[in-house]
Amino acid sequence: MPCSGTGVSELFAAWTSPGQALALPVTVALPLLGLGALLLLRRHPNAREGASLLSGILLAAAVLALWPVVDRGLRFELWTWLPGLSLEFSLEPLGLLFATVAAVLWPVTTVFATGYLRADDERDQTRFFAFFALTITAAMWIALSANLVTLFIGYELMTLATWPLVAHKGSADARRGSRTYLVVLLATSIGLLLPAIVWTWLLAGSTDFRPGGLLAGQAGTGVLTVLFALYLFGIGKAALMPVHRWLPAAMVAPTPVSALLHAVAVVKAGVFTVLKVAVYVFGLDTLSGSGAARPMMWVAAFTLLAAALVALRSDDLKRRLAYSTVSQLAYIVLAATVARDVAVAGGALHMVTHAVGKITLFFCAGAIYITARKSRVSELDGLGRAMPWTFAAFLVASISIVGLPPLGGTWSKWLLLLGAAEADQVVMLVVLLVGSLLALAYLMPIPMRGFFLPPPGPLAHGEARLTIAGPLVLTAVGCVALFFGAQAVLAPLAGILELP
Amino acid sequence: MTAHLPVLPVLVPLACTPLCLLLRSRTMAWLIFMLAALGSLLSAVLLAVRVADGETMRYAMGGWPAPQGIEFVISGFNTPVLLLVSLIAVIAAVYARRSVAAEIDARRVPLLYTCLCLTLTGLLGITVTGDAFNVFVFLEISSLSSYALIAMGRRRRALVASFRYLVIGTVGATFVLIGIGLAYAVTGTLNMADLARRLADIDGNRALLASVVFVFVGLAVKMAVFPLHAWLPAAYAEAPSAVSTFLAAASTKVAIYVFCRFAFTVFGATLVFGTMPIGRVGLLLASLAMLIGSAVACFQTDLKYLLAWSSVAQIGYIVAGISLATSAGVSAGYLHMINHAVLKAALFGAAGLLLLRLGSVRLTALAGLGRRMPWTFAAVVIAGLGLVGVPPTAGFVSKWALAAALLDQGQWPVLVVMLVSSLLALVYIGRIVEVAWFRNPVELGETPKPPASMVAAIWVLVIASLYFGLDATLPAGLADAAADALLGNRGE
């Protein structure tokens, strides 16, 4: 049939046509389709999770298929929002990197969540998976946003979509935690980020992300400094101190949510926005030339060390991981404030390596909680003998986050150090190194206790069930793969950053 | 026929008023109010299309030409209000049938629809008239009928609320009258366009300054601008649900429109915002309203009172925009006028639905009902997030526009106040959410089924608020046209 042949080829042309690339809105809408499917199948749990998983795999495929066309500048305008401002998607390497992290880890988390929720016999599983899908939609929306307004809408949608997940248990704790979560995130975004965006709009007459920086040459150093601080504190999801409080508060959520929040969607949306603002709104040359990022660099450095110290003192496993996240996110924010191409590339890579590493750690924490009902570090003695896969994965991911070879985190930390050195920031160089040492100190005791200390009594359980242990082994393998594949992740970034 | 179009939005509900009273049947009275609202909406839409290209329609009542006769004027500055009020009237009419049947004594139902018709006549009359004294007449028509409407509330407290509104409202209306009288004494004319022409030549006249003050203070009462808001919370909260849905969305908005009309097209921006400090006073009072209204709303224990106090704050947003007297500011004010009307009508509508099903809207009575009545509470949360200004709701668009307008003028303190007020809105909306989803459910017997018409009315508004949040070209276009018409037509 010649007719359908042209139809297909037309569709394919429209899929990646530079002006109106259908691929972009379809990618954002895919999780929504999954959401619809899983709501329809709510009476059949297996089919429901199948729908989640299938849409996750389709989404991952769709996102990966965008890599070959990443430098073609695809755009898609949804519609005009206000006169002079439109909702628009565009494709660029940094955004696609974030989209890939979220899209690839979503199906993995789905498998884990299925195992976890069923083992724990959680209530309202349909609601859980529905809001999960909505969060991923928001992540895709943020990743592909072409301007600040579009991004802000996705950013707030994500806050609202994750809130019922944090409050999922409905207990008094969950209520308190979810309140802090919502109040901190909305207060920062509406109180600081929104005025920052409006200000940018008034200064530059546009909110488009522009290579080289939208604000380049549009404002003096003083204004840029204040504006940059507004952005960095306003992006509460990046968890700079003192607006990090929502992150430990969100620990009341079930572990798959913590995995999603701390590795895949929420915090990465935060640091992604920070990088995007640094690169496309301020422009790295403007930032480093004017010194507008200097004050925030110290805030990031303080957060990096302080959070690591808190993590070191936390006995609760999830709390320790949460503060470790705060500390590791500060690495990425620090990369943005150092404002060197190499550092930002390191930050972008750290977004990926930390995502894979931290999701592994949370999966392990969940596996330990479900299988052994343990949630404190001091209770983990000898558990490694019963759960060797889980603890091995924990060890691998820990080393990756610390940044030692042969794991993915090595390269991101290396690039960050190079960036700090290039900017002659000796203090920051030391901060980065001390942060890694502290990471070693707060993460390593956990697998060490598991493997080398004798268990207090006989262990009544074995390894976690397959749907739980499978994903965590997979992501641990991912940490190793990132060591060898880091070049492939970095290569597309060469289009926007100058890499050595 | 079409030559008489400008008079129809007022004439249709006015003609329907005696019919409501004479027919004495509940269904017929409702039907006639519905027809009146639909008729007004239809003529409003036709008029809006006519003047969409920026021209002005003038209509001489009874063939007596202005400035001697009364003139109706349709232009960019009143079409948004005309559309808004008649549209809200239609939705309120859909909503009212079951709500009124449940809340009001059967004997009084035709009376209620009569008053609603009269209020609609008054509000639309204020909007279209081009004659300053005629504004006062229509203001009194709408006020007197709304005092009666509020007095029909289910509790005896409604009588107190109504009486209070009557006293304060009458003082306000008298102030307006004195102001108009002074303007007449100075110029010898009552036609707005004529007034503007003659006032332009007068400089530094004490009587004129007094006139400005009297008109604006009187209008501030009707607008419920802090600290002249005292009548509003009880009046909205105690009125029958259908009435509060309509009044909360429409009545203060019309007063705000008159404020703009007098400020920009009668007295003129140079006099009002240049010679006199109305702009600065407006910003100050708006800031206080935003802070105090939202803060008091956080401590309310009754949903309808909470919403009414939030209205006090939201009016502050609108006044702040208009007080800037810039094109962006006035446009932001109009935009929030539209968005707030939609959001608040949805919220009062939902409160009325809860009242119908539970018999009370005290927050304690709502405990744990989020699961039992998910659609109603979903509507409350979505519209509530609109008040906070979270995307993708309409409230975000108005917040954006207002923030841009304030920043443009370097009004940092007001911007901060606005953001703080938004966060306070988060607190009071959050309280509703916590009560509805996290408290232990109250013991509840059989509750009446939610009437489909009421649910439909609420959700039409909620969906409109989401649509206006994602694609604001329609309300923003209307608001921009209004700002252009107000700021551009003084022949400067």
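A residue is buried if 20 or more other C-beta atoms lie within 10 Å of its own, exposed if 12 or fewer, and partly exposed in between, with C-beta atoms placed from the backbone. The structure is a predicted model, in which local features need pLDDT of at least 70, side-chain atom pairs count only at pLDDT 80 or more, and totals for chains, interfaces and linings use all residues. Residues are numbered from 1 along each chain as its sequence is written, and chains are lettered from A and ligands numbered from 1 in the order in which they are written.

**Exercise 1. Positive phi angles**

Task: Determine whether A:Arg373 is buried or exposed, and whether B:Ala224 is buried or exposed.

Solution. 
Step 1. A:Arg373 is not a glycine, yet its phi is positive, at about 55°. B:Ala224, likewise a residue other than glycine, has a positive phi near 60°.

Step 2. Locate both residues relative to the helices, which, like strands, are DSSP runs numbered from the N terminus (helices: H or I, at least four residues; strands: E, at least two). A:Arg373 lies in the loop between helix H15 (341-372) and helix H16 (383-386) of chain A. B:Ala224 occupies the loop between helix H8 (206-223) and helix H9 (232-238) of chain B.

Step 3. Apply the neighbour count. A:Arg373 has 9 other C-beta atoms within 10 Å and is therefore exposed. B:Ala224 has 28 C-beta neighbours inside 10 Å, so B:Ala224 counts as buried.

**Exercise 2. Cis peptide bonds**

Task: State which residues are joined by a cis peptide bond in chain A and in chain B.

Solution. 
Step 1. In chain A, the peptide bond from A:Pro405 to A:Pro406 is cis, with omega near 5°. A:Pro406 is placed in the loop between helix H17 (388-402) and helix H18 (409-422) of chain A.

Step 2. In chain B, the cis bond joins B:Pro391 and B:Pro392, and omega is about 0°. B:Pro392 belongs to the loop between helix H15 (374-388) and helix H16 (394-408) of chain B.

**Exercise 3. A loop residue in chain A**

Task: Describe where A:Asp121 is placed and how far A:Asp121 is from A:Ala13 in space.

Solution. 
Step 1. A:Asp121 sits in the loop between helix H4 (93-120) and helix H5 (125-144) of chain A.

Step 2. Because A:Asp121 has 7 C-beta neighbours inside 10 Å, it counts as exposed.

Step 3. From C-alpha to C-alpha, A:Asp121 and A:Ala13 are 47 Å apart, with a separation of 108 residues in sequence.

**Exercise 4. A helix pair in chain A**

Task: Characterise how the axes of H6(A) and H11(A) cross.

Solution. 
Step 1. The axes of helix H6 (residues 148-166) and helix H11 (residues 266-282) of chain A come within 11 Å and cross at roughly 160°. Axes here are lines fitted to C-alpha atoms, for helices over the stretch in contact, and angles run from 0 to 180 degrees between N-to-C directions.

Step 2. The angle therefore makes H6(A) roughly antiparallel to H11(A) (under 35 degrees is roughly parallel, over 145 roughly antiparallel, 65 to 115 roughly perpendicular and the rest oblique).

Step 3. Identify the residues in contact (C-beta atoms, placed from the backbone, within 7 Å). A:Leu151, A:Tyr155, A:Met158 and A:Thr162 of H6(A) meet A:Val266, A:Ala269 and A:Thr273 of H11(A).

Step 4. These contact residues comprise 5 nonpolar, 2 polar and no charged (nonpolar: Ala, Val, Leu, Ile, Met, Phe, Trp, Tyr, Cys and Pro; charged: Asp, Glu, Lys and Arg; polar: the others, Gly among them).

**Exercise 5. Overall form of each chain**

Solution.

Technical notes:
Contact = placed C-beta atoms within 7 Å.
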